[in-house]
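Subject: Structure for your review

Hello,

Please find the structure below, followed by notes on what was found in it.

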Amino acid sequence: MFGIQPLPSVRLTLISDVLHAPYSGMLPGHVAGFYDYDECHIDLRSLAEFAGCQILIDRAIAIDINKNLVICQTHPPVNFDLLSVDIGSTPATLSVPGAAEYAIAAKPVPEFLASWNQLISERPNHPQKPLRIAIVGGGAGGVELALNMQSRLRKEEGFGNEQCTGFNGWILRYSERRKREKGRGKKEEELEINLFHSGAELMQGHNHRVRRRLQEILISRGIQLHLKEKVCAVKKIERETNPQFPTDYQISCKSGLELEYDRIFLVTQASAANWIKESGLAADSNGFMQVNDCLQSVSHPNVFGAGDIAAMVNYPRPKAGVFAVRQGKPLFENLQQFLLEKPLKPFAPQKQYLGLIGTGNKRAIASRGSFMWESALLWYWKDWIDRQFMQKFSNLPKTRNTK
């Protein structure tokens, strides 16, 4: 938007720790193998050139709010007159000993994808070794990740991926597929996916029909559910007796349950970077930056924020990508209004949103309030929306030179 409507004498600097930004809406499809890397990533260098923006590839680690400086990991501090903080969130790990060291968090996305792609590339080297995966977190993100991971791994290992419409129909296809796969020497038990959730039901933010249907799908596909199991520790196990596969990881639950896995993925409650609160910016009890209706920090007028890292004081909302995307336009408008010394424009996010949960087989379930609908049409509709969004960032012209 700054590229389309540039302001004279305004110098833009984008600080990012990656050159290609992942679009979260297409991430589950990428995990399932439906999208390649370029289809679901935004080329930030091309975008910066279009907007006449200087890009700095580095990680912001602090803000000196008194001197108006962003402190970076490797580069010298970056001075600002106006700052917009849009760094997202990460799954909470501090409350689980060993999770930060031995589990793979779903965010930051680039680090998660690096681990996932490494697993996919290494798997053909050990085709007969059972693969055990644990996913911690039974919200929509964890459920969708479990289904799409299973879909991709089964595809890579030569198993089918039928589109089942119900439990009975799945049993028939499952029986037929097992006969075919046994004939090829495949064992379905070589892949095991477990989903841990501290609550009694999955996806507690969704209606009962959605929760019930997705639990039915998970069970029908052989994904093992561990409900009412609070993970309290993750540790590494060294196996000297088997040097070929020396490392396993163990999950320990509050109930006393202990199980071992090759990979553990975290899709738990979102947490904020510690340096937001440490910088002196007003933050809520969870460390998220508090902003007003104009997406402006309630404590520092020259700092704005949007997406997961921001908590709208008057409009508390879940940490979901749909809210971040819709904050883009009002954020841009208020940044420009601030620079032009004009009144800011309040923004009120919608109360509910349509959630589309992919089931790993090019079908999706729609969830909004008490509404539920399951269809392949939903997946293709979402696919069209996502591709239209990403098209905006393709083949961008260069509008002006960066300084």
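**Nonpolar surface patch**

A nonpolar patch on the surface is formed by Leu354, Phe371, Trp373, Leu377, Trp381, Trp384 and Ile385, which together have about 740 Å² of accessible area. Please bear in mind that this is a predicted model. Two elements, β24 (371-375) and α10 (376-391), each supply at least two residues of the patch. The largest share comes from α10, with 4 residues.

Leu354 sits in the loop between α9 (321-339) and β22 (355-358). Its relative accessible area is 34%, so Leu354 is partly exposed. The C-alpha atom of Leu354 is separated by 8.4 Å from that of Gly369, and the two residues are 15 apart along the chain.

**Salt bridges**

Side chains of opposite charge can pair when their charged atoms come close. With a nitrogen-to-oxygen cut-off of 4 Å, the count comes to 15 salt bridges.

Arg387 and Glu39 meet through their side chains in a salt bridge, at 3.2 Å from N to O. Arg387 lies in helix α10, while Glu39 lies in the loop between α1 (27-31) and β3 (41-43), so this pair ties together parts that are 348 residues apart in sequence. Both ends are partly exposed: Arg387 has a relative accessibility of 34%, and Glu39 has one of 30%.

In the pair of Arg363 and Glu374, the closest N and O atoms of the salt bridge are 3.9 Å apart. Arg363 lies in the loop between β22 and β23 (364-368) and Glu374 in strand β24, so the pair ties together parts that are 11 residues apart in sequence. Arg363 and Glu374 are both buried. Strand β24 also supplies at least two residues of the nonpolar patch.

**Helix packing**

How do the axes of α4 and α5 cross, and how close do they come? The axis of helix α4 (residues 109-122) comes within 11 Å of the axis of helix α5 (residues 140-156), and the two cross at roughly 30 degrees. That angle makes α4 roughly parallel to α5, because angles under 35 degrees count as roughly parallel. The crossing of α4 past α5 is right-handed.

**Backbone geometry**

The peptide bond from Lys107 to Pro108 is cis, and its omega is near 0 degrees. Pro108 is placed in the loop between β10 (104-105) and α4.

Asn68 has a phi near 55 degrees, which is a positive value in a residue other than glycine. Asn68 is located in the loop between β5 (60-64) and β6 (69-72). Its relative accessible area of 21% makes Asn68 partly exposed.

Leu295 has a phi near 65 degrees, again a positive value in a residue other than glycine. The loop between β19 (289-291) and β20 (303-305) contains Leu295. With a relative accessible area of 0%, Leu295 is buried.

Regards

Notes: Residues numbered from 1 in each chain as written. Predicted model: local features only at pLDDT ≥ 70, side-chain atom pairs only at ≥ 80, totals over all residues. Heavy atoms only, no water. Patch = residues over 30% accessible without salt bridge, like charges linked within 9 Å, V, L, I, M, F, W, Y side chains within 5 Å. Areas by Shrake-Rupley, 256 points an atom, 1.4 Å probe, with all protein chains shown as cover. Buried < 20%, exposed > 50% of the residue type's maximum accessible area, 1.4 Å probe, protein only. Axes fitted to C-alpha atoms, helices over the stretch in contact; angles between N-to-C directions. Parallel < 35°, antiparallel > 145°, perpendicular 65-115°, else oblique. Left-handed = near helix turned anticlockwise from the far one by under 90°.
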